[in-house]
Amino acid sequence: MSRLHRFFRTPEAIAGALILALLVAMALAAPLLFPGDPQAIAGPALLPPFQDWSLPLGTDRLGRDVLAELFHGARTSLAVGLAAAAAALLIGAAVGTLAGFASGLLDEVLMRVTDAFQTVPSFLLALAFVSIVGPSLGVVVAAIALSAWTGPARVARAEVLSIRERDYVAGARIIGMHPLEIAFREVLPNALPPVLALSSVIVAAAILTEAALSFLGLGDPNRVTWGGMIAEGRTVLRTAPFLSIVPGVALVLTVLGVYLAGEGVVESTAVRRSLS
Amino acid sequence: MSELTISRRGLLAGSALLLASTALPTIGFAQTPKKGGRLIVAADSEPRNLNPAIVASNGVFFISSKIVETLAEASSDGKDGLEPRLALSWEGAADGLSVTFKLREGVKWHDGKPFTSADVAFSALQIWKPLQNLGRTVFKDLAAVDTPDELTAIFKFAKPTPFQLIRNALPALSSVVPKHVYAVGKIEDNPANNAPVGTGPFKFAEYKAGQYYRLTKNDAYWGKDEPYLDEIVYQVLPDRTSAAAALEAEEIQLAAFSAVPLADLDRISKVPGLKVITKGYEGLTYQLVVEINHRRKELADLKVRQAIAHAIDKDFVVKTVFLGYAATATGPVPKNDPQFYTADVPTYAFDVAKANALLDEAGYKRADDGKRFALKLLPAPYFNETKQFGDYLRQALAAIGIDAEIVNNDSAAHIKAVYTDHAFDLAVGPPVFRGDPAISTTILVQSGIPDGVPFSNQGGYKNAELDALIAKASETLDTSARTELYKEFQKKVAADLPLINVAEWSFISVARDTVGNIANNPRWAVSNWADTYLES
Amino acid sequence: MTRALTLIRRRLVGSVFVLLIVIIGSFLLLEAAPGDAVDAYIVSTGGDAGMIELLRHRWGLDQSELTRLANYLWALLHLDLGQSITFSRPIREIILERLPTTLILMGSATALSFGLGSALGIYAGAKPGSFRDRVLSIGSLALYAVPGFWLGLVLIVVFAVDLRWLPIGGIETIASGKTGLARAADIATHLVLPVAALGFIYLALYLRMMRAGMAEAWRQDFVLAARARGLTRRRIVLAHVARNALLPLVTMLGLQSAQMLGGSVVIESVFAVPGLGRLAQEAVAGRDTPLLLGIILASAFLVIVINLLVDLAYAFLDPRVGASEANA
């Protein structure tokens, strides 16, 4: 059975993949379907959905096209999620590999730093970081990565600890490879799969964290994000519920899609591993 | 300067707009007030220092004005817009060197001690002048307060000080605190700053951080039959949407200072048992202002500033950002001010073509991508409306080829960026108009203010002519001559555009039908509520 | 028992370093912030240059960063958390006032998500791949994907405003004068909505972990053996499969304790609950460095204690743990 086949065994994985494909399509199509600034004022304020077919999902408090914002929001939400997850995995894998491979004092120091980050509530850290550096998309990504790298670091270290005693690592030592080279060329690639398995969780958490930060007024005002749309819509939750429901549904579907697809990948590799 | 603690969202209308509102003013109903009851009010922030003599801000007054009284309160029908509180009369000398206050007899502090002129002298000299955020300016030349008898206080000034200014400052700046409570130890560390003692209709009872403040009736209050209420409780509701929900769920009876978002007012006005009131804030007008950093060479060019003024559709702002609960502005004094406002100033109609032409003329041609130059725009974060106007302004500027990037800061970072670091090109600010240009709008224009002074001219604007005008007005004693000078000031500001005034707004209250005597003076939310009552 | 003591000792020594890193890191972060406590304060008052200078001096903000950090650490050595700038009260007092509220909120929400999550997880995992398994997994995931603040706002509109079954917010009826059982009942009704909003989000976590653990356990030898012995399915599910799947959940409980405090920042703000999360947000907004440090310290301490308890519980439940502790 090919890996793709195994992935598509469960309806959940198929649904997840479909949602993600749709999301990516939205993100790619946004500048084509809705050229120009999605935050431009396009019509009367607070137009309900399905009233005017040039503005199918209506308009927000300032008269901006909700559909255009939804499409452009897909771009930013996806970008935030992927960038934050990539950064968190990168930092985590590097720290974990170093700690696991070096052992001794460096390990101790790195793990205590990891502990320190894990002891502080990650959302609080992100909140403080963004209020202090100032909200822009890059800072939001950095803040999320900063609060999410500890999980990958721990997993990577545990994997490295189990791998470094294996024969091929001992072999590399004997032929005189530099320890750092061994760590990053021999050990890390083999320790990566379980670390990568965390990525769907981190992507989903990143999208949600961005939304919560926007809720507290710490989003990037120059970009449309779904979190920002929900946050803006909540002051008119009773008067114009669609303003928070539309991006809210998109957000829920996306997080669900990321999760389900991620699980499909993990399961298909898990089956492969247990077979081998 | 601005008084913003009270609420991050702002709203509503100067008296000019009352017709547009859905409110039915409650005054004028011939109803006999009932005695007793607990009024529960929404509070969205918790002032740390409740002493209004030190911190003269609406956030503090909202709670403390019921406990600590001023010499006089604003009034819609009284002489000079005032009515007596602790002072019965006030008289300024012709030379501008003294003001005589006759004080109310038989007033007692909440601890039973009598109120006398010594308390007024102590408050003025030891607190207002050296410690109070606004008093430090208005009373800077106060040299002494003579107390020939227990009911007379004579303020002596070292330099002539316009009586009109002192009068206009009375409602906000003249909170009197008891000398015997504050005489011991450092005034700033006095426990009474957190549990104030005053002469007002209500006594401070308790404060539960994060939950509520509770005030109880002062049985020995000087006002006949007053107060009507037994208790006032301020329930802390930090989230923007919770005041409306709490009103609907009948957990609170009043949400002042636009605690209910503007966008929700239309819906909530239709909820049975609730009323939307747009009156009672005439003396608390906020101005929506585009602050300009004149250090930027493009913005130092008058043509560019004029172009920006022409690019802003003020009617759209009033209609969409403020949902009609505001008025368009013409200059640095709001239209609803009865003493100083003049409509005779240069105006800037919404005209994108003209704005574009002005920019072309100034030499800032559009590049191939349609953009002329880029700007950093910092909307103040304290109000929903300032942020929304920031979003609008970015679009309005895009239409004339100016690429504005919004920088979103929290309050502390915004204050630092704009008023200390000058790290902005344009900022959106909500300064408050305090009934006299000398203690409000002039500071936004005048030069020579040290870095770091908030809500002042930190845009590097310098105009010797305007500076001279402001200096002259501050020492002109004759009321009508002084008023004329400020009219001249408005014309010059509107012509040279050191900043752009876009709109003027004030707040809205939402209350249950059972609350009576709401909004019966121009500073109602921050007045003493002695006559407020609950029907059942 | 000695194993437990070794564990405690190791943890305490490690914790001192962890706390030190946390304090210095947070201090440096806050120092890097644009604007200080005075900037945050004058937003609501305005004031001239002289007043601003006066305030900076009064609050000790005119000293150098290093001096302030040294002063703070020195006071901390004497177990003194210092004075809050914005509240002008001792920080220990403020935190102790808010801590119980947050503990009740977090404790109840954890109990809800852990209890209901693992129960539903057992129900779902009893028949892996069944219809109910899929519905429960996806349903709980959907809840997880809803932003907490939005769930909170909708709960308020439905249950507090429209149905009027529950209060809209706060921790108890204000100035009610209730005591004893009546007060406990009052607090309980106020907690229903915030606990639901916070707990439902984390429900998915425990449900899915339990379910995954059970799916794994079904394949294990001892379950096959139990089946061979002819035990009822119910018995196998509860006594063998679920029991084994529960262990990782206990670890998760420890890991989640820090996260829930973060989640409660938003929930406490929506429901006007006077807890530590909201206080932390106010401390950041007010640039009240000592207060924020105190809160972070308190929550770090809490997290360390909870994790220690979890590890101890684990050590008693699973004898293999003591050995691997050396690697943690």
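**Residues 321–328 of chain C.** I looked up this stretch of the predicted model and found that pLDDT stays under 50 across residues 321–328 of chain C. For these residues I noted 6 contacts beyond four places in sequence. Where pLDDT is low, the predicted coordinates should not be read in detail, so I took nothing further from there.

**Confidence in chain C.** I then checked the chain as a whole. Its mean pLDDT is 82, with 95% of the residues of chain C at 70 or more. The lowest confidence in chain C falls in helix α13 (residues 321–324), with a mean of 44. Helix α5 (residues 91–125) of chain C has the highest, at 89. For the model I wrote down ipTM 0.84 and pTM 0.87.

**Helices α5(C) and α11(C).** I looked at how α5(C) packs on helix α11 (residues 276–285) of chain C. The axes are 8 Å apart and the angle is about 130°. That angle makes α5(C) oblique to α11(C). From α5(C), the contact uses C:Arg98, C:Leu99 and C:Thr102. From α11(C), I listed C:Leu276, C:Gly277 and C:Leu279. By class, the residues of this contact are 3 nonpolar, 2 polar and 1 charged.

**Chain B against chain C.** Last, I looked up the contact between these chains, which takes 44 residues from chain B and 41 residues from chain C. On the chain B side, α3 (135–138), β9 (212–217), β10 (231–236), α6 (242–248) and α12 (411–420) each supply at least two residues. The largest share of that side is 6 residues, from α12(B). I sorted the side of chain B that touches chain C by class and got 21 nonpolar, 13 polar and 10 charged residues.

Notes: Residues are numbered from 1 along each chain as its sequence is written. Chains are lettered from A and ligands numbered from 1 in the order in which they are written. This is a predicted model: local features need pLDDT of at least 70, side-chain atom pairs count only at pLDDT 80 or more; totals for chains, interfaces and linings use all residues. pLDDT is the predictor's confidence in each residue, from 0 to 100. Helices (H or I, at least four residues) and strands (E, at least two) are DSSP runs, numbered from the N terminus. Two residues are in contact if their C-beta atoms, placed from the backbone, lie within 7 Å. Ala, Val, Leu, Ile, Met, Phe, Trp, Tyr, Cys and Pro count as nonpolar, Asp, Glu, Lys and Arg as charged, and the others, Gly among them, as polar. Axes are lines fitted to C-alpha atoms, for helices over the stretch in contact, and angles run from 0 to 180 degrees between N-to-C directions. Angles under 35 degrees count as roughly parallel, over 145 as roughly antiparallel, 65 to 115 as roughly perpendicular and the rest as oblique.
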